[in-house]
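Student: I would like to know what stands behind the words used for this structure. Can we go through them one at a time?

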Amino acid sequence: MPLAIDRVELSIVRMDLVDAFHASSHTTRTLHHVLVRIDTADGATGHGECATLDDPYYMGETTETAWHVLARFLVPSVLGRTFDDPGALAAALDPVKGNTFAKVGLEMAAWDAFGRASGRPVADLLGGARAHIESGVSLGIERDRARLFARIERHVAEGYRRVKLKIAPGDDVATVAAVRERFPDLPLMVDANSAYTLADADHLRELDAFGLMMIEQPLAWDDIVDHAALQAKLATPICLDESIRSARHAAHALDLGSCRVINVKPARVGGLLEAKRVHDVCAARGAPVWCGGMHEFGVGRAANVALASLPGFGVPGDVSGFDKYFVEDIVDPPTVCRGGTIDVPRAPGLGFELRDDLVRARTERREIFDRRRN
Ligand code: OSB
Ligand code: MG
């Protein structure tokens, strides 16, 4: 069934993290995400989420830039138009350069509406091949060793299959050594969020001693050249996050030897379709790929689970149960992790009902774009 876009609703919704999250690049306590609702002429509804940060310290976009680009450019480019499928809608967003976090909200809503209208889960539409995904956790920088150990112990007891530690200059090798000593068999990796330069290569090479699965984004957020030089000096595989904003970037980075693994986030590459293309690039080259996260609320989290059901997602990613992040979530049912895995929703679309009352209570700004009122 085609998608005739009659109405788009944008809302900025606030959620507080249960624990402050410190990365080398930024600290997050509160999140404001733009939720996108589309309604089609055939009566289908779809929901999407822009998982931005309030500040531009991880990537360039913020909640306010996503709002601006959606309201001023992206929504007007689809409102009143009819698209055969979500891919056609995604193509209509192409003239806008960058602004991937803004685009994903609208594109995700198109997948959800298309799935609901056709009675199929988004995972099926994307080519998903598994009934559940393996789940890991990403832990913020925690200087208190005892608290860090306690946190790891709790998540391991909950069944999570892999732990990612954030590192920063001054809080790296010694912390990793201590964690490795305490948890000798734990599947462990680190994420530097662009905190180092190539001049730190000898220091980063010390991490080779700890059997890490990979080191994520050690160098600049937009680099794939220095990363290739660094990878040649490290035994530990490099995984790129920030540097990969498209499937083309993924192909170039793997072919240049800038990384051996890719963390794909629909938000960072501007949509589920582009994320699938990144998956396909990795699969064609035999490179591991896994689904990262941006502390998504239930809407974006369900989309991440659907994406991670594709056959190439062979290692546990950062998509955890909602309770790692929030006291309650805005969707029913929320994403839960049991025994280290998350079930891929079988219901049509993204597979949840939005909890409208809760969303409304947390909404700080709202705007409606209606074809019939223009
Ligand atoms: O670098 O992967 C990252 C969160 C916000 C911004 C960047 C990153 C992260 C995480 C947490 O590591 C991922 C998650 O649990 O959703
Ligand atoms: Mg990262």
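Tutor: A pocket is an open set of grid points with protein on both sides within 12 Å along at least five of seven lines. The model here is predicted. Its largest pocket holds about 570 Å³ of space.

Student: Which residues lie closest to the centre of the largest pocket?

Tutor: The lining has 27 residues, and the closest to the centre are Gly98, Thr100, Lys103, Arg245 and Val269. Helix H2 (86–92), helix H3 (100–118), helix H9 (247–256) and helix H11 (272–285) are the elements that each give two or more residues to this lining.

Student: How are the residues of that lining divided by class?

Tutor: Eight are nonpolar, 10 are polar and nine are charged.

Student: Why is lysine 103 called buried?

Tutor: Buried means under 20% relative accessible area. Lysine 103 has 11% relative accessibility, so lysine 103 counts as buried. Lysine 103 sits in helix H3. Leaving aside neighbours within four places in sequence, lysine 103 is in contact with Leu74, Leu93, Asp94, Val96, Lys97, Gly98 and Gly270.

Student: How do you know where the largest cavity lies relative to domain 1 and domain 2?

Tutor: Both domains give residues to the lining of the largest cavity, so the largest cavity lies between them.

Student: What is known of the second largest pocket?

Tutor: The second largest pocket holds about 240 Å³ of space. Its lining has 17 residues, and Pro334, Thr335, Val336, Asp343 and Pro345 lie nearest the centre. Helix H12 (298–308) and strand E14 (341–343) are the elements that give two or more residues to this lining. The classes are 11 nonpolar, four polar and two charged.

Student: Why is threonine 341 called buried?

Tutor: The relative accessible area of threonine 341 is 15%, and the limit for buried is under 20%. Threonine 341 is therefore buried. Threonine 341 belongs to strand E14. Not counting residues up to four places away in sequence, threonine 341 touches His132, Ile133, Arg161 and Val336.

Student: What makes E6 and E12 edge strands?

Tutor: The open sheet has seven strands in the order E6-E7-E8-E9-E10-E11-E12, with parallel pairing. Strand E6 (137–139) and strand E12 (289–291) each pair on one side only, and that makes them the edge strands.

Student: How do you know that E8 and E9 pair?

Tutor: Pairing needs at least two bridges between two strands. Strand E8 (residues 188–191) and strand E9 (residues 215–216) run parallel and are joined by two bridges. Valine 190 has isoleucine 215 in E9 as its bridge partner. Two bridges also join strand E10 (residues 238–240) to E11, where leucine 240 stands opposite isoleucine 262. E6 and E7 pair over three bridges, again in the parallel sense, and serine 138 stands opposite lysine 164 in E7.

Student: What makes both faces of strand E7 count as covered?

Tutor: Val163 and Leu165 on one side of strand E7 (residues 163–166) and Lys164 and Lys166 on the other are all buried. In a regular strand the side chains alternate between the two faces of the sheet. Strand E11 (residues 261–264) has Val261 and Asn263 pointing one way and Ile262 and Val264 the other way, and all are buried.

Definitions and conventions: Residues are numbered from 1 along each chain as its sequence is written. Chains are lettered from A and ligands numbered from 1 in the order in which they are written. This is a predicted model: local features need pLDDT of at least 70, side-chain atom pairs count only at pLDDT 80 or more; totals for chains, interfaces and linings use all residues. Side-chain values use heavy atoms; hydrogens and water are left out. On a 1 Å grid over the protein atoms alone, a cavity is a set of points where a 1.4 Å probe fits but cannot get out, and a pocket is an open set with protein on both sides within 12 Å along at least five of seven lines; lining residues have an atom within 4 Å of a point. Grid points are joined across faces, edges and corners, and a volume is the space filled by probe spheres set on the points. Helices (H or I, at least four residues) and strands (E, at least two) are DSSP runs, numbered from the N terminus. Ala, Val, Leu, Ile, Met, Phe, Trp, Tyr, Cys and Pro count as nonpolar, Asp, Glu, Lys and Arg as charged, and the others, Gly among them, as polar. Buried means under 20% relative accessible area, exposed over 50%, partly exposed in between (1.4 Å probe, protein chains only). Contact means heavy atoms within 4.5 Å. Domain bounds come from an automatic or database domain assignment.
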